[in-house]
Amino acid sequence: MITSLDTERCTACNQCVATCPRDVFEKTEHIPTIARPQDCQTCFLCELYCTADALFVHPEAEPAMAARLTPSDITPLLGEYRRESGWDEWSENPRYANQHWRMEDVFRLARDG
Amino acid sequence: MTDRVRTYDTDVLIIGGGLAGCWTAISARRAGVRAIVAEKGYCGTSGVAASAGPGHWFVPPEARLREEAIARRMAGAQGLGDARWMERIIDRTYRTLPDIGTHYHYTPDDSGAVRRHALRGPEYLRALREKALAAGAVLLDHSPALQLLGHRDGRVSGAQGVSRQGDGDEWLVRAGAVVLATGGCAFRSHLLGGSNNTGDGLLMAVEAGAALSGMEFSSFFTVAPANTPLSRAMIFSFARYYDTQGREIAKPAAPNDHSAIAVALQGGPVLCDLSATPEIVRRQLPQISPNVTLTFRRLGIDPFTQRFPISLLGEGTIRGVGGVRVTGEDAGTDVPGLYVAGDVASREPVTGPVTGGGAVNAAWALASGCIAAEAAARSALENPLDQRSILEPLGDAGLSTRRDRTNSSTTRSAFANTLSKGPTRPDASASSEVEIVLREEMLSPTRQYFRNADTLAAASARLSAAWGALRDATPPSAGPRERQRFRELAAMTATARWCTASAAARTESLGMHRRTDSSTNGSDVPAYVISGGADTVWTRRQAAGTVS
Ligand SMILES: Cc1cc2nc3c(=O)[nH]c(=O)nc-3n(C[C@H](O)[C@H](O)[C@H](O)COP(=O)(O)OP(=O)(O)OC[C@H]3O[C@@H](n4cnc5c(N)ncnc54)[C@H](O)[C@@H]3O)c2cc1C
Ligand code: SF4
Ligand code: SF4
């Protein structure tokens, strides 16, 4: 579930408001708010579209565990999904190239050894 | 408040902008007609493909290869498959999918070859959005459709819905033809990317008079780390599972059958062990599926050395099979002007009673989208909509307080009847009760894996009561989000009823549908279970290979 929006990093670009498929964020005069966290589907996609790396989504669908995290747990993790996906400024870095094509080879390895 | 309704005219309206809806829009523009996509979320991040990584059924045009691929699938389809549909979707997918190369950046494999059929979800859907826009499609984001609109001549001629963002509360599109691409229904399990898929298209189609097929093939579950939506199969391909006593659970007979895990979960937590995953796969994982590695990192679990608890997530008709019955080669339905594409359609012609996850489903979404778009474009050109024609909403389950706001000169309201019945249940609690019933009946792996006449009858009674409560319930507020929420609940409940009734009607086990009170697997004469009806649910069996 969406856990936090780092108000210092946020540039108020409103990309998250536009791209969240569950309409979780709300535009304001300043930076957006996480207006409807209970509607979050934990898809992580807002993190990909936030070039300021201000958003953090905890993988648990219910808020219980995420509530125990402190900013010092979260800050080092900000932006990792966008980086590892090789988006934006990471797109030329071969370390993050999209190797999705390997998936079928992994399935084959599991099946046939 | 009619000024709060934004109206549009188009040739083809596409409802749902996921994998199927995007390809439909691109193809409709190629066929030379105007196309509007109304998407509940954001076209480009919404739908189950956007957070996954769909591989497509992709067979080169060599007669022997295609014949073998089709023969394998026909055998799995156990009498319900249609080789011509398989041939059609293989051919379409092979010819069309490479077009995404204009907007999707492929990384070549180790031999330097580009594997066109394997695309990572977030990048694929982003590319599809850009391609649809470049083709000139109009995208309405955050615009869930609530109702189809019908013309006096019996054709479906548009839809109306609400806007969750922007400067209007409602929208209305008048169209020559409509393609439903609203995806399957997973009953709000926490399936990755599946929360918008609440069966809305199934309800809209049935209200318009279409029939469904194969709704009993809806007992599909996926393994995910407990409490997470991470329903991604690859990482679990090396998994071993242990019950509460630490005993290893037997490997399933078929790769997607998790019924032994379902049984073990009744006794307590089931733990997953990924220690058999080869070193090389561990290293490659972040570049194959970055959302898998980040999930474990954030949970604080090293999945390769630590055992972790798992759960089973219900997929309903998503990686199940059932949906709106396709009546012809053009992806048409029983209703003129209404076409279907992707998971909202029954995929029995290409999968039979087994899942098409892994390759066939994505190919079906793409190809049925192209085929539906072309047929809808032809239909729209042959039946141009008169600007003055009066359109009627074709159904209103869960929307009973919806006031007549679309009563422009061209649209009359069908709500007058409902309103004259007087006040109905003003109910927030009805909605949470319905959610509980849906969860208990549709998302319980043991209930779905082990069906019998008694449990199905009990489910049917609970679900009809839920439908009755919702049918005329009054949302606590008349705002667009509340109305959408009630409509979604009605659609999920209706879908659950069709699944349950169809499961009761198929008294023998077949494919993913398992009856514990029958020793037969399949029947002598392969048959489809057709279903429909919103207030009064009906089913009938129809021998495969016959028409209507
Ligand atoms: C984890 C996972 C992995 C998968 N992997 C594979 C694979 O490797 N190979 C394969 O072949 N298949 C795979 N599949 C299946 C494949 O992703 C689907 O078949 C495909 O996405 C179906 O496309 P669709 O457009 O019909 O549905 P979706 O992609 O789900 O899109 C439906 C869209 O309709 C919208 N919508 C719903 N209701 C409304 C409404 N009322 N108004 C407006 N819009 C609405 C939704 O918001 C959504 O965007 C996988 C599925 C999952 C869940
Ligand atoms: S996308 Fe990121 S930077 Fe932009 S408004 Fe949202 S949180 Fe702020
Ligand atoms: S994780 Fe998905 S649903 Fe949740 S806020 Fe981010 S984009 Fe929206």
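This is a predicted model: local features need pLDDT of at least 70, side-chain atom pairs count only at pLDDT 80 or more; totals for chains, interfaces and linings use all residues.
Residues are numbered from 1 along each chain as its sequence is written, and chains are lettered from A and ligands numbered from 1 in the order in which they are written. Local features need pLDDT of at least 70, side-chain atom pairs count only at pLDDT 80 or more, and totals for chains, interfaces and linings use all residues, while side-chain values use heavy atoms, with hydrogens and water left out.

Between the two chains, 47 residues of chain A are in contact with 56 residues of chain B (heavy atoms within 4.5 Å). The size of an interface is often given as the accessible area lost when the parts come together. Here the buried area (accessible area, 1.4 Å probe, that two parts lose on being put together, summed over both) is about 4600 Å², and carbon and sulfur atoms give 54% of it. A:N98, A:H100 and A:W101 supply 14% of the area that chain A buries against chain B, more than any other three residues.

Nine salt bridges (a side-chain nitrogen of Lys or Arg within 4 Å of a carboxyl oxygen of Asp or Glu) are counted between chain A and chain B. One of them joins B:R297 to A:E84, with the closest N and O atoms 3.5 Å apart. The elements giving two or more residues to the side of chain A that touches chain B are α1 (15-19), α2 (45-49), β4 (55-57), α4 (80-84) and α5 (103-112) of chain A; helices (H or I, at least four residues) and strands (E, at least two) are DSSP runs, numbered from the N terminus. With seven residues, α5(A) gives the most to this side.

Ligand 1 is surrounded by 37 residues (a heavy atom within 4 Å of the ligand). The closest are B:A20, B:E39, B:N197, B:D343 and B:A362. An N or O atom in the side chain of B:E39 is 2.6 Å from an oxygen atom of ligand 1, and a polar side-chain atom of B:D343 lies 2.7 Å from a ligand oxygen atom. From B:N361, a backbone N or O atom lies 3.3 Å from an oxygen atom of ligand 1. On its own, ligand 1 has 1000 Å² of accessible area (Shrake-Rupley method, 1.4 Å probe), of which the protein covers 97%. In chain B, α1 (19-30), α5 (200-208) and α10 (360-382) each supply at least two residues of the shell around ligand 1, and α10(B) gives the most, with four residues.

Conventions. A polar contact is a pair of N or O atoms within 3.5 Å; within protein, one must be able to donate a hydrogen and the other to accept it, and residues adjacent in sequence count only if both atoms are side-chain atoms.
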